[in-house]
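Hi everyone, thanks for making time for this. I'd like to walk you through one model, so please have a look at it with me.

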Amino acid sequence: MSKKLQDAYSLSSVEDTINLYKAWSKNYDRDFAYKNNYKSPQNVVKYFLKYSRKGDSPILDVGAGTGLISKYLKKYSSSKLHAIDISKEMLDQAEQKKNYEKIIVTDLNQKLKIADNIYGAILSAGTFTHGHLGPNIFGELLRIVKPGGLFVITIHEEVFCKNGFKQAIENLGKKIESLNFHKVNIYGKINKQEKLKDKTIIAIFRKAINSDHL
Ligand SMILES: C[S@@+](CC[C@H](N)C(=O)[O-])C[C@H]1O[C@@H](n2cnc3c(N)ncnc32)[C@H](O)[C@@H]1O
C-alpha cells in the first residue's frame, strides 16, 4: 500500500483530512487512481446505470474528491451532477473536469445546508472507508434525497461490519427499499503479477416512497 493511502486510512481529525487531501489533490488521479487501476468510480457508475430510472436526478457525488465519478458518468448520462467534499483543493480538480453543475465544500459530518428531498440519487466512491466517513451521516443523506431516490455507495469491506455500516443499514428498516449488495475488487490489474487485493461492498438501495411518515 502506498504511503499516501496508508496516511489516508489513518486520518483521525478534520484538520488532518483537509491537509492530506490538499497535498494529494494535484497528483491523486495520476499517482493513486491511474497508477493502481482504481476501479471504484467506474463500478459506482456501472451499478448506477444498471439500477437507475428516469428521474433519479439531480445526482450528488458524496466525497467527490477530484471528480472521477463524473468522468465516467458523463459518458453515459446527462443528469445534473453536484459534488460535495471537505477538501477545496480536491474539488478544484473536480471543477476542472467541467462535469459538475454545483460544487459544495463542506464537512459531511455536520448538518448539511441543503433542503429536504432535493436529490434523485446519491453516488459515492472510496469515501466510506478507514479514517473517513462513518454510517452516522446516512440520516442526513436520506433527508436530502427525494422519496424513491437511489443510493449507490461503496463501503470498504474491512469497515463494513467493524465500523457499524451493516448494522446502520439494517436499522434503516422500512425507510429504505430494494436493498442489495455487491462485493467487488477496488483495484484492477496493474500488470501481470500485481494487483491490490482490497474489496469494497457496493450498497444499493432506494429511499422508501413513504419514508417521511415512518
Ligand atoms: C479516497 S477520496 C475518494 C474521492 C473520489 N470519490 C474517488 O473515488 O476518487 C475520499 C474523499 O473523501 C473526502 N472526505 C473525507 N472526510 C470528509 C468529510 N468529513 N466531509 C466531506 N468529505 C470528506 C476527502 O476530502 C476525499 O476527497
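Let's start with Gly173, which sits just after helix H9 and takes a positive phi of about 50°. Helices here are DSSP runs of H or I with at least four residues, strands are runs of E with at least two, and both are numbered from the N terminus. Before I go on: this is a predicted model, where local features need pLDDT of at least 70, side-chain atom pairs count only at pLDDT 80 or more, and totals for chains, interfaces and linings use all residues. Residues are numbered from 1 along each chain as its sequence is written, and side-chain values use heavy atoms, leaving out hydrogens and water.

Back to H9 itself, residues 165-172. Phe165, Ala168, Ile169 and Leu172 are buried there, meaning under 20% relative accessible area with a 1.4 Å probe, protein chains only. They lie on the same side of H9, because they cover an arc of only 95° around the axis, taken from the directions from the helix axis to the C-beta atoms. What do the buried residues of H9 pack against? Their partners include strand E4 (119-128), helix H7 (138-144) and strand E5 (145-156), with contact meaning heavy atoms within 4.5 Å.

Now the ligand. Of the 22 residues around it, Tyr28, Tyr38, Gly63, Asp85 and Ala125 come nearest; a residue counts if one of its heavy atoms lies within 4 Å. Tyr28 places a polar side-chain atom 2.7 Å from a ligand oxygen atom. A backbone N or O atom of Ala125 is 2.8 Å from a ligand nitrogen atom. Taken alone, the ligand exposes 600 Å², and the protein buries 96% of that, using Shrake-Rupley areas with a 1.4 Å probe.

Finally, the rings. The structure holds twelve aromatic pairs: ring centres of Phe, Tyr or Trp (its six-membered ring) within 6.5 Å, with planes under 30 degrees apart called stacked, over 60 edge-to-face, and the rest tilted. Phe32 and Tyr38 are a tilted pair, because their centres are 5.0 Å apart and their planes meet at 45°. Phe32 also pairs with Tyr187, edge-to-face, at 6.2 Å centre to centre and 90° between the planes.

Key:
Buried means under 20% relative accessible area, exposed over 50%, partly exposed in between (1.4 Å probe, protein chains only). A polar contact is a pair of N or O atoms within 3.5 Å; within protein, one must be able to donate a hydrogen and the other to accept it, and residues adjacent in sequence count only if both atoms are side-chain atoms.
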